[in-house]
Amino acid sequence: MVEDLSIGRITRLELRVVALPLRSPFATSTGVRARRDVLVVRVDGDDGTGWGECAAFADPGYTAETIGSAWNAISDLLGPPLARSGTLGELTKAWSAVPGERMAKAALETAVLDLLGRRLDRPLWALLGGQPRRMAAGVAIGVQSSTGALLEAVGDALDEGYSQVKLKVQPGWDVIPVSAVRERFPQLPLWVDANGAYRAADLPVLRRLDDLGLSMLEQPLPADDLAGLARLQSELRVAICLDESVASPADLERAAGAGAGRVLNLKPGRVGGVLAARALAAQARNLGWDVFVGGTLESSLGRTACLHLQTVPEVSLPGDLSAPSRYLARDLAARELQLDDRGCLPLPEGPGVGVEVHEEALAALTQRVEVGWQPKNALR
Ligand code: MG
């Protein structure tokens, strides 16, 4: 069991906020951002280094966590137990005393797993009990300036080699653009994600989307409206996929008990790390749900961790993980993830997460850095 592995002596923990320029601006809760800031975690042991990337954004919105909150959580609460935990299981048990902070936990856990994998010369997928297999990559396409621009964006993605597309929808940007995509690409595996933007009164619009042959309707209603989601699932043919609604095993139990969906979008950051994600995937499959792995505009470092998670047998559907070069103008990885000629993102060779960080890019793009913890100032 990976939880029984000794984490060894951790000698240093470094936190860094890195500003990655975006290819096109991204709307957040506080405005439009031209860059994707990411929190990067580095742990050093006696015998090597491990890296993790935090899924949190600079602004709250997708969840309540932010880069700032994750920074403080790792520095003050999650880092210090590294000094007194013998195994990964002991470490995550110590973290269970800290409510929430799932993206922070996921980032630090990934860095520790990367370090362990490198030490043991085993890739992360092997530590997770996965098996590499061909899984088609997908793209998520945001709200565009016009239906014409959307058709062009979908066409470009297909030309690049992607074979399935998820469209972001919201009130006022739904039936007309999605119908146009369906008409132009009748056979395309297509689904839509509303990030909770609709309300029960929007049922007529959602019914029209239901007629467009979508594979899923992702998070149509707010995260906590399980009764509304359950009503929708009973009214519509399309499978409802939950994203923001499920951060824990208890959330999934409640959602499944209510009949609020049939598919889980599994993001390791949202659920507290790849180990928690693996367990949640197993729980979802036992409940009869399908599972795919989704992303949060990560660099190749974070996205590769998602690809390792995608190898576990409980992941039953291909997801919406594209190459980060679709949205990032610069990456943290020395070798960026690239789509292969079969439309898949291949896992890198090598132990741990398998990503070599581009040290020059890291230095050039760093906004803030701190050695958050060393043995001399760790809690004893
Ligand atoms: Mg989503």
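The buried residues of helix α8 pack against α7 (203–210), β8 and α9, where buried denotes a relative accessible area under 20%, exposed over 50% and partly exposed in between (1.4 Å probe, protein chains only), and contact denotes heavy atoms within 4.5 Å. Within α8, which spans residues 226–235, the buried positions are Leu226, Gly228, Leu229, Ala230, Leu232 and Gln233; helices (H or I, at least four residues) and strands (E, at least two) are DSSP runs numbered from the N terminus. The model is a predicted one, in which local features need pLDDT of at least 70 and side-chain atom pairs count only at pLDDT 80 or more, whereas totals for chains, interfaces and linings use all residues. Residues are numbered from 1 along each chain as its sequence is written, and side-chain values use heavy atoms, with hydrogens and water left out.

The magnesium ion has as its protein donors Asp193 (OD), Glu218 (OE) and Asp243 (OD), at 2.1 to 2.3 Å from the ion; donors are N, O and S atoms within 2.8 Å of the metal (3.2 Å for Na, K and Ca), and because water is not among the atoms, sites may look incomplete. The spacing of these donor residues in sequence is D-x24-E-x24-D. Because Glu218 belongs to strand β7 (residues 217–218) and Asp243 to the loop between β8 (240–242) and α9 (249–258), the pair ties together parts that are 25 residues apart in sequence. Glu218 counts as buried, at 0% relative accessibility, and Asp243 likewise counts as buried at 0%.

The axes of helices α5 (residues 147–160) and α6 (residues 175–184) come within 10 Å and cross at roughly 40°, so that α5 is oblique to α6. Axes are lines fitted to C-alpha atoms, for helices over the stretch in contact, with angles running from 0 to 180 degrees between N-to-C directions; angles under 35 degrees count as roughly parallel, over 145 as roughly antiparallel, 65 to 115 as roughly perpendicular and the rest as oblique. To this contact α5 contributes Thr147, Leu150, Leu151 and Val154, and α6 contributes Ile176, Pro177, Ala180, Val181 and Arg184.

Val40 is located in strand β2 (residues 31–45) and is buried, with a relative accessible area of 2%. Apart from neighbours within four places in sequence, Val40 is in contact with Glu14, Leu15, Arg16, Val18, Trp51, Gly52, Leu301 and Leu332. The C-alpha atoms of Val40 and Ala55 are 9.6 Å apart in space, the two residues being 15 residues apart in sequence.
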